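Visitor: Hi, I have a few quick questions. Can we look at the model together?
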Amino acid sequence: MFSKMATYLTGELTATSEDYKLLENMNKLTSLKYLEMKDIAINISRNLKDLNQKYAALQPYLEQINLIEEQVAALEQAAYKLDAYSKRLEAKYKKLEKR
């Protein structure tokens with residue numbers, strides 16, 4: 001009876017020991033995965049900083065482009081007005097010419 005009890009307890013302790021080994025391995029793998037994720041996060045952060053610096057360097061040029069775009073739009077409107085005015089003058093001239 002004692003030998004059966006000893007066998008049972010040995011089995012239980014072995015199972016518990018194996019469970020702890022499994023948990024230890026899972027913790028090691030999880031730790032490695034978190035280290036990988038940390039490295040990825042660091043790289044993303046570094047790349048984001050680089051992109052922000054590049055964007056800041058481009059910002060004056062982007063503002064110039066916006067200003068040029070506004071000026072082109074204003075010039076286009078002036079051209080439309082000038083075209084309309086010249087058409088009215090032409091129409092007046094043709095009207096006077098017919099008299």
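Predicted model: local features only at pLDDT ≥ 70, side-chain atom pairs only at ≥ 80, totals over all residues.

Visitor: Which side chain does Glu24 meet in a salt bridge?
Guide: That of Lys28, at 3.6 Å from N to O. Lys28 is partly exposed too, at 48%.

Visitor: How far apart are Lys28 and Glu24 along helix α1?
Guide: They are four residues apart, so about one helical turn separates them.

Visitor: How many salt bridges does the structure hold?
Guide: Five. One of them joins Glu36 and Lys33, with the closest N and O atoms 3.8 Å apart. Those two residues sit three apart in helix α1, again about one helical turn.

Visitor: Is Glu36 exposed or partly exposed?
Guide: Partly exposed, because its relative accessibility is 45% and exposed needs over 50%.

Visitor: OK, what about Asp83 and Lys87?
Guide: Their side chains form a salt bridge as well, 3.3 Å from N to O. Asp83 is partly exposed at 35%. Lys87 counts as exposed, at 51%.

Visitor: New topic. Which residues form the nonpolar patch on the surface?
Guide: Tyr55, Leu58, Tyr61, Leu62 and Ile65. Together they have about 520 Å² of accessible area.

Visitor: Where is Tyr61 placed?
Guide: In helix α1, which covers residues 2-98.

Visitor: And why does Tyr61 count as exposed?
Guide: Because its relative accessibility is 51%, and the cut-off for exposed is over 50%.

How values were computed. Residues numbered from 1 in each chain as written. Heavy atoms only, no water. Patch = residues over 30% accessible without salt bridge, like charges linked within 9 Å, V, L, I, M, F, W, Y side chains within 5 Å. Areas by Shrake-Rupley, 256 points an atom, 1.4 Å probe, with all protein chains shown as cover. Salt bridge = Lys/Arg side-chain N within 4 Å of Asp/Glu carboxyl O. Buried < 20%, exposed > 50% of the residue type's maximum accessible area, 1.4 Å probe, protein only.
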